Amino acid sequence: LVLVGSSLGYLFVPSSMLRIVGIDGDPQSTFLLRTLAAAFVALIPIAWSARHRSDGAGQRSILYGLAMYMFVSSLVDLHAFLNDIVGMVSIPSITLRVLMCVVLLWLVHTGDRADRA
């Protein structure tokens, strides 16, 4: 649901999404955010399909991919914060995505353990 909300926000109101972290939008950043959002919107059905526990390699790949996105995007935000590109408001977002990464990896790990049992 976080992926859906942020994807739709970046697609339909990119300047407002940027303002949350203290960045002024311009036509170029709006274009880039909407292009990125289109990719995220395309991932929504894939992420939604992983909501039911299964033991398939496909589900593990989806969860690993989502965890990787959460971690790498939090690193990008951390870099922006440390270089004064975004403000303090990005810290909760960074923290939330790192926590989501941990939960996703935990889900993969518990699924693997159940497969071995």
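Trainee: Let's start with helices α3 and α4: at what angle do their axes cross?

Mentor: Happy to, and do keep in mind that this is a predicted model. Helix α3 covers residues 27-49 and helix α4 covers residues 57-82. Their axes come within 10 Å, and the crossing angle is roughly 135°.

Trainee: Which word describes α3 relative to α4, given that angle?

Mentor: Angles over 145 degrees would count as roughly antiparallel, and 65 to 115 as roughly perpendicular. The axes here cross at roughly 135°. That is why α3 is described, relative to α4, as oblique.

Trainee: Is the crossing of α3 and α4 left-handed or right-handed, and which residues of α4 make the contact?

Mentor: The crossing of these two helices is left-handed. From α3, the contact draws on F40, I46, A47 and S49. Facing them from α4 are I62, L66 and Y69.

Trainee: How do the residues of that contact divide into nonpolar, polar and charged?

Mentor: S49 of α3 takes part in the contact, alongside residues such as F40 and I46. Sorted by class, the contact of α3 with α4 has no charged residues, 1 polar and 6 nonpolar.

Trainee: Now for α1 and α3: are they roughly parallel or roughly antiparallel to each other?

Mentor: Helix α1 spans residues 2-12, and its axis lies 8 Å from that of α3. The two pack at an angle of about 150°. Angles over 145 degrees count as roughly antiparallel, so α1 and α3 are roughly antiparallel.

Trainee: Which residues of α3 does α1 meet?

Mentor: α1 passes α3 in a left-handed crossing. On the α1 side you will find L3, V4, S7, L8, Y10, L11 and F12. By class, this contact has 12 nonpolar, 1 polar and 1 charged residues. The α3 residues they meet are L33, R34, A37, F40, V41, I44 and A47.

Trainee: Stepping back, what pattern does the protein chain follow along the sequence?

Mentor: The chain has 5 helices and 0 strands. Of its 117 residues, 30% are buried. Among contacts with a separation of 6 or more, 58% join residues 24 or more positions apart. Along the sequence, the pattern reads α-α-α-α-α.

Trainee: And where in the protein chain is confidence lowest?

Mentor: The chain averages a pLDDT of 84, with 90% of the residues scoring at least 70. Confidence is highest in α4, at a mean of 89. The lowest mean, 81, belongs to residues 90-116, helix α5.

How values were computed: Residues numbered from 1 in each chain as written. Predicted model: local features only at pLDDT ≥ 70, side-chain atom pairs only at ≥ 80, totals over all residues. Heavy atoms only, no water. Axes fitted to C-alpha atoms, helices over the stretch in contact; angles between N-to-C directions. Helix = DSSP H or I, 4+ residues; strand = E, 2+ residues; numbered from the N terminus. Parallel < 35°, antiparallel > 145°, perpendicular 65-115°, else oblique. Left-handed = near helix turned anticlockwise from the far one by under 90°. Contact = heavy atoms within 4.5 Å. Nonpolar A, V, L, I, M, F, W, Y, C, P; charged D, E, K, R; others polar. pLDDT = per-residue confidence, 0-100. Buried < 20%, exposed > 50% of the residue type's maximum accessible area, 1.4 Å probe, protein only.
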